[in-house]
Amino acid sequence: MLELESIFSPGGVLSRHIAGFHVRSQQVEMARAITSTIENHRILVAEAGTGTGKTLAYLVPALLAGGKVIISTGTKTLQDQLFKRDIPAARAALKLPVSVALLKGRANYVCHYHLERSLQDTQLTFVNREEIRYLQWIERYAGYSKDGDKSGLSEVPEHAAIWQFVTSTRDNCLGSDCPSYKRCFVMEARKQAMSADIVVVNHHLFFADVMLRDEGLSELLPACNTVIFDEAHQLPETASLFFGESVSTGQLLDLARDAKIEALKAARDFTPLQDAITATDKAARDLRLAVAEENTRIALSEAFRYPGFKPALDQLLEQLDALVGALESQAERSEGLEHCWHRADNHLQLIRRWHDDGEMDGYVRWIEVFHHALQLHATPLSIAGIFQKQLAASLRAWIFTSATLSVKKDFSHYNHEMGLDGAQTASWDSPFDYGAQALLYVPQGLPEPQQKDYTDRVVAAALPVLRASKGRAFFLCTSLRAMQRVYELLQVADDFDFPLLLQGQGSRSYLLDSFRTIGNAILIGSQSFWEGVDVRGEALSLVIIDKLPFAPPDDPVLSARIEKMTNEGRNAFMDYQLPRAVISLKQGAGRLIRDETDHGVLMICDPRLITKAYGKQIWQSLPPMKRTRDLTEVENFFAAGRQPLIQPRLNQHQE
Ligand code: SF4
């Protein structure tokens with residue numbers, strides 16, 4: 001067996017086989033800790049600063065240890081990167097015969113059953129020619145594709161509406177009753193995952209299917225010796241989502257649509273069923289219309305203040321109850337109808353639980369309203385107990401890693417939230433020389449963030465810095481409203497000609513490609529660009545953050561958790577809100593320095609970083625950059641920049 005030290009050494013197998021590999025003491029130390037965790041079936045919470053090389057630090061021990069390993073990542077992009085690039089590279093370097101499977105959520109695979117149903121039903125469902133053309137391409141693709149992964153058919157855009165008609169959901173999959181079960185792509189992907197040594201999933205899939213065993217993946221977790229979560233800082237959010245319950249009016253409309261198709265096929269003569277379907281469809285639409293706002297989260301008590309909400313919810317329950325009865329009476333006429341009956345009944349039970357007081361102790365009930373849909377949610381106030389039970393279910397190693405898990409190397413917030421009390425923790429600093437590469441600038445004279453003209457003042461303070469950096473900046477905002485205002489103000493700023501890119505003006509990857517190509521652009525973004533973005537080199541030399549990223553206190557889940565902690569005698573601000581903000585800020589700040597040659601300025605505009613006692617905790621949690629409040633020092637920093645700067649281009653709209 002190869003020794004870790006020799007594998008990671010200069011001239012070792014990794015440096016010989018992996019392009020760009022650098023020897024880092026932090027990386028080999030982390031690999032050692034992970035080896036020990038795997039051998040002893042322990043739990044390790046490991047923070048590894050940017051540039052540590054944490055992917056290889058966990059992959060090498062996992063590959064060497066053998067046994068089944070699940071690696072869960074935060075995004076599908078990272079999942080693909082691991083599966084296509086990192087694991088094959090490490091496996092080839094170590095010369096180990098390890099089998100690897102990539103498992104995505106079922107919405108990523110063409111479903112033969114729903115595809116065929118859509119093909120028979122073009123008149124009913126599809127009106128536009130483009131969708132019919134897409135449908136024909138998908139039909140052809142399903143005939144020759146080995147895995148049915150929709151990413152293999154790039155001619156049909158990823159977000160085309162057609163995909164929802166030709167893929168399955170947990171609700172509408174017929175499982176072993178399906179006539180296409182034997183050639184089903186979802187089932188095949190799962191079979192491969194069962195037999196592979198390493199399975200790469202994402203957090204959503206892990207919680208929805210693997211851990212909660214809602215689907216046919218019940219054998220995957222028990223068979224595995226090691227679970228590794230990368231980007232583990234996202235887990236509390238994801239786990240809350242999946243340990244809770246939710247149902248949306250969109251799901252009810254899908255149910256009505258599917259039930260209508262099944263009824264036309266197998267129960268055309270039974271009109272009460274069609275009436276019940278129409279009434280449920282209408283009741284679901286009326287519930288959405290009962291709340292005028294959109295893109296908002298509202299606590300249950302607030303929701304009941306909307307005069308139309310309670311009557312609409314009662315009406316929905318009544319109609320859904322009638323639909324369940326009608327479907328039950330016809331269920332034996334077809335598998336499709338039987339399946340719709342079970343779906344409708346599940347939704348009915350869930351909405352009843354949500355509606356009735358006392359049924360959901362330990363959960364906060366709230367609604368989320370979108371343009372077309374309204375969702376009823378019940379989210380656990382704490383996920384710790386639920387997660388602990390899962391951890392204790394069998395003996396294996398659990399590894400939680402990310403660049404941002406602690407507050408000044410204190411992991412108690414994360415461990416407490418996840419129920420990982422007693423886990424081993426470790427932290428490795430970034431190998432970058434932050435003192436020389438980066439400057440933290442907090443401008444003077446800005447008002448408290450609650451002040452009305454705060455964003456205008458932030459932009460005024462940012463303009464000289466943006467000029468000094470010659471664009472090349474991310475302007476990260478904590479709200480969409482602030483983001484829009486920053487964009488408007490920069491568009492009309494005097495003597496300011498840098499190209500502006502705004503979140504939402506294109507896909508995230510399109511905006512990032514444009515940002516890299518333009519070279520002196522300013523990208524103004526909100527949540528989407530705070531994490532998972534890697535822009536190396538000169539194009540990104542300045543990151544501006546408008547406010548400390550505290551979650552809005554009126555968020556229904558947050559305020560219920562604060563109330564619970566306060567009732568328990570805990571300090572919710574220090575124990576919960578502050579650590580969350582620190583982790584989020586570290587993510588945003590982490591966009592700046594991506595390798596040894598990067599250098600730049602992090603500008604945090606929020607004066608609370610200086611004026612509040614907790615501010616010290618925050619900046620001390622950031623990498624050890626030089627700090628200043630002096631604009632001249634910032635200008636000198638950029639003037640002394642080592643690389644030649646690119647000439648600014650004209651703003652798009654001014655060209
Ligand atoms: S088993 Fe489910 S996913 Fe597979 S073809 Fe049938 S309905 Fe579709």
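**View 1. An open sheet of four antiparallel strands, in the order β6-β9-β8-β7.** β6 (245-248) and β7 (296-299) are the edge strands; each has a single partner, so one side of each lacks a neighbour in the sheet. Direction ignored, neighbouring strands are turned by 20° against each other on average. This is a predicted model: local features need pLDDT of at least 70, side-chain atom pairs pLDDT 80 or more, while totals for chains, interfaces and linings use all residues. Residues are numbered from 1 along each chain, and side-chain values use heavy atoms, without hydrogens or water. Strands (E, at least two residues) and helices (H or I, at least four) are DSSP runs numbered from the N terminus. Pairing requires at least two DSSP bridges.

**View 2. β7 beside β8 (residues 363-369).** Four bridges join these antiparallel strands. Ile298 stands opposite Ile367 in β8.

**View 3. Helix α13 (residues 249-266) packed on the sheet.** The helix touches β6 and β9 (374-380); contact means heavy atoms within 4.5 Å. Its direction makes about 60° with that of β6. Axes are fitted to C-alpha atoms, for helices over the stretch in contact, and angles run from 0 to 180 degrees between N-to-C directions.

**View 4. Lys68, in the loop between α4 (54-65) and β2 (69-73).** Lys68 is buried but has no salt bridge. Buried means under 20% relative accessible area (1.4 Å probe, protein chains only); a salt bridge puts a Lys or Arg side-chain nitrogen within 4 Å of an Asp or Glu carboxyl oxygen. The nearest side chain of opposite charge, Asp197, is 6.7 Å away. The Lys68 side chain reaches the backbone oxygen of Met194 at 2.7 Å. The backbone oxygen of Ala193 lies 2.8 Å from a polar atom of that side chain.

Definitions and conventions. Buried < 20%, exposed > 50% of the residue type's maximum accessible area, 1.4 Å probe, protein only. Lys, Arg positive; Asp, Glu negative; His and termini not counted. Polar contact = N/O pair within 3.5 Å; in protein donor to acceptor, adjacent residues only side chain to side chain.
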